[in-house]
Amino acid sequence: MAMTDLCWLSIDEASSLLRSGDTSSVELTHAVLDRIDATDPSVHAYAGVMRETAIESAEHADAELAARSRRSALHGIPVAVKDLCFTAGFPTEAGSRVLKGFIPSYNAVVVDKLCQAGAVIVGKTVTHEFAYGQDVPPTRNAWDQACYPGGSSAGSAVAVAVGSAFGAIGTDTGGSIRVPASVNGIVGLKPTHGRVSRHGVFPMSPTLDTVGPLTRTVKDCALMLGAIAGPSGPHDLWALNEPVPSYTAQLGRRLDGVTIGVDRRYFFYDAVSGDVRNRVDEALAVLRSLGGAIVEVAIEELDLSVSAGMSVLLGDTSEWHQRLLRYVGDAYVRETRVMLELGELVPATAYVRSQRVRRVVQQALRRTFDEKGLDALAAPTLPVTSMPVEQLSVDLTGGGETALSAFIHHCFLANVVGIPSISIPVGFSRATLPIGMQLFGRPFGEPALFRIGHAYQGETEWHTQHPNLTAASALT
Amino acid sequence: LQPVNGELIKHVAVLAGLVVPDEDIDLLAGAVQNQIEAAEVLLVLELDDIEPIVSFDPRWR
């Protein structure tokens with residue numbers, strides 16, 4: 001098999017070849033490193049590549065696999081990690097001059113768990129500065145390099161989309177896994193809050209932050225979550241100590257008995273483009289054809305989620321940056337710094353009130369899930385596709401709707417109430433830019449989301465299409 | 001409510017122990033104004049019986 005073809009295997013397929021001895025982890029890792037060399041000058045997905053340690057890890061994995069000591073489906077699989085996650089002995093700069101040259105002395109729990117599962121970490125992926133989404137990093141969209149790659153887990157999504165990683169880790173505080181997954185045509189999961197440990201990951205908000213996987217297939221996403229879920233031990237308070245089920249056990253081709261809600265007033269409002277509306281409606285029709293029931297719901301309290309979440313996000317993030325802002329404030333990108341200044345001026349009363357409102361939204365959502373018997377709530381991941389970088393507005397400081405505020409409108413709900421949400425590719429716009437549909441679940445309801453997403457991918461081929469990077473490169 | 005302007009921002013920043021660079025003042029004033037308006041939406045809600053989503057847990061863990 002050609003090296004480039006190896007890069008397009010799913011984790012599940014590559015794992016099968018490793019198990020049968022038809023490829024090796026070293027071969028997969030070389031293929032990915034070659035792919036990084038070929039693609040990264042155009043898309044800038046990586047902040048740093050760990051060539052030597054990746055090859056060493058791959059050799060170690062091959063030795064273990066040869067001894068029939070297989071750790072997991074990720075054993076020997078090359079993956080990437082967002083540069084917000086600590087990697088012992090390797091720079092972790094969170095996309096900021098503030099952290100220039102910072103080298104952690106320990107791994108984030110999510111990195112340790114990947115290593116324990118036998119995964120090969122090939123590098124750190126580009127993030128917006130401290131994940132705030134206010135700057136535009138050098139990363140470019142996998143499908144059109146003139147376009148925005150999403151954020152803040154931009155590098156992770158683009159790496160997976162262009163085949164320079166089999167899977168990657170991102171973080172999501174207001175959509176930062178799902179937004180780049182959607183605009184790059186891949187799968188991204190924001191898990192239930194506390195499902196994956198946040199220890200060793202630069203924070204924004206302790207009650208909104210999540211760590212999760214980005215992959216090309218839903219099954220791969222389930223395999224990765226299985227490897228990284230749960231605390232590192234009894235003293236890891238950065239994750240909830242809930243049992244970790246087999247996330248692939250419920251995967252099948254039918255959706256009989258599954259009920260999916262749709263709130264058209266909130267998620268299909270005027271700003272949702274015709275292409276997005278059509279592709280998501282077509283996806284819902286596919287789910288219905290597989291036996292799923294689609295029911296209309298109306299949850300007025302969703303209107304409160306962004307206002308409530310923003311006060312908390314602003315206050316929490318500024319609290320963590322308080323000393324850095326005073327000592328090295330000029331090292332931040334101006335737009336990030338203004339958001340940090342803004343967070344210092346949020347009254348404590350507004351913060352507490354927002355925490356009450358989050359409970360109101362949570363209760364309303366729970367009531368709807370229970371009364372309608374929902375397994376998931378479906379919506380466009382974003383109201384629009386990506387756009388040329390020069391047309392992008394990520395400003396959150398003004399009163400009008402910008403691209404970023406529209407993204408947050410669709411995504412923030414999952415963070416505000418702590419539920420899981422997965423974005424899956426459901427087609428393309430007329431301009432051949434990817435469109436995603438997201439599925440919100442009950443707390444720890446990831447198995448239902450994987451079941452729905454996997455059945456959908458069994459009937460469609462959007463996830464098997466890859467960007468023609470050669471053609472895209474011609475644009476630059 | 002008094003509109004938020006640069007002078008007000010400088011005053012509040014002093015109270016918050018924050019030195020705001022001149023280049024940030026206008027952008028920050030607009031952001032604060034926007035945040036105040038967003039918070040007003042929440043002020044009209046009746047929330048007396050609602051526990052904030054972050055509550056104190058006295059257990060030793």
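**Two chains, read residue by residue**

Trainee: In which helix does Gln35(B) lie?

Mentor: Residues are numbered from 1 along each chain as its sequence is written, while chains are lettered from A and ligands numbered from 1 in the order in which they are written. This is a predicted model: local features need pLDDT of at least 70, side-chain atom pairs count only at pLDDT 80 or more, totals for chains, interfaces and linings use all residues, and side-chain values use heavy atoms, with hydrogens and water left out. Helices are DSSP runs of H or I with at least four residues, strands are runs of E with at least two, and both are numbered from the N terminus. On chain B, the helix that holds Gln35(B) is α2.

Trainee: Is Gln35(B) buried or exposed?

Mentor: Buried means under 20% relative accessible area, exposed over 50%, and partly exposed in between, using a 1.4 Å probe and protein chains only. Gln35(B) has a relative accessible area of 12%, so it is buried.

Trainee: Which residues are in contact with Gln35(B), leaving aside its neighbours within four places in sequence?

Mentor: Contact means heavy atoms within 4.5 Å. By that rule, Gln35(B) is in contact with Met310(A), Ser311(A), Leu314(A), Leu342(A) and Val346(A).

Trainee: What is the area buried between chain B and chain A?

Mentor: The contact draws 33 residues from chain A and 27 residues from chain B. Buried area is the accessible area (1.4 Å probe) that two parts lose on being put together, summed over both. Carbon and sulfur atoms give 65% of a total of about 2800 Å².

Trainee: Which residue of chain B forms a salt bridge with Arg334(A)?

Mentor: A salt bridge is a side-chain nitrogen of Lys or Arg within 4 Å of a carboxyl oxygen of Asp or Glu. There are four salt bridges between chain B and chain A. In the one formed by Arg334(A), the closest N and O atoms are 4.0 Å apart, and the partner is Glu23(B).

Trainee: Which helix gives the most to the side of chain B that touches chain A?

Mentor: Two helices of chain B, α1 (6–15) and α2 (22–43), each supply at least two residues of that side. The one that gives the most, with 13 residues, is α2(B).

Trainee: How many nonpolar residues has the side of chain B that touches chain A?

Mentor: Ala, Val, Leu, Ile, Met, Phe, Trp, Tyr, Cys and Pro count as nonpolar, Asp, Glu, Lys and Arg as charged, and the others, Gly among them, as polar. The side of chain B that touches chain A has three charged and four polar residues, and its nonpolar residues number 20.

Trainee: Which residues of chain B are in contact with Gln355(A)?

Mentor: Gln355(A) lies in helix α13 (residues 348–372) of chain A. Its relative accessible area is 2%, so it is buried. Leaving aside neighbours within four places in sequence, Gln355(A) is in contact with Thr207(A) and Val312(A), and from chain B with Glu51(B), Pro52(B), Ile53(B) and Val54(B).

Trainee: At what distance does the side chain of Asp263(A) reach the backbone nitrogen of Ile299(A)?

Mentor: Asp263(A) lies in the loop between β7 (259–262) and α9 (264–267) of chain A, and at 1% relative accessibility it counts as buried. The side chain of Asp263(A) also reaches the backbone nitrogen of Tyr266(A), at 3.1 Å. For the backbone nitrogen of Ile299(A), the distance is 2.8 Å.

Trainee: What is the phi of Ala131(A)?

Mentor: Most residues other than glycine have a negative phi. Ala131(A) is in the loop between β3 and α6 of chain A, and at 7% relative accessibility it counts as buried. Its phi is positive, near 70°.

Trainee: What is the omega of the peptide bond from Gly151(A) to Ser152(A)?

Mentor: Most peptide bonds are trans. Ser152(A) is found in the loop between β3 and α6 (154–162) of chain A. The bond from Gly151(A) to Ser152(A) is cis, with omega near 5°.

Definitions and conventions: Polar contact = N/O pair within 3.5 Å; in protein donor to acceptor, adjacent residues only side chain to side chain.
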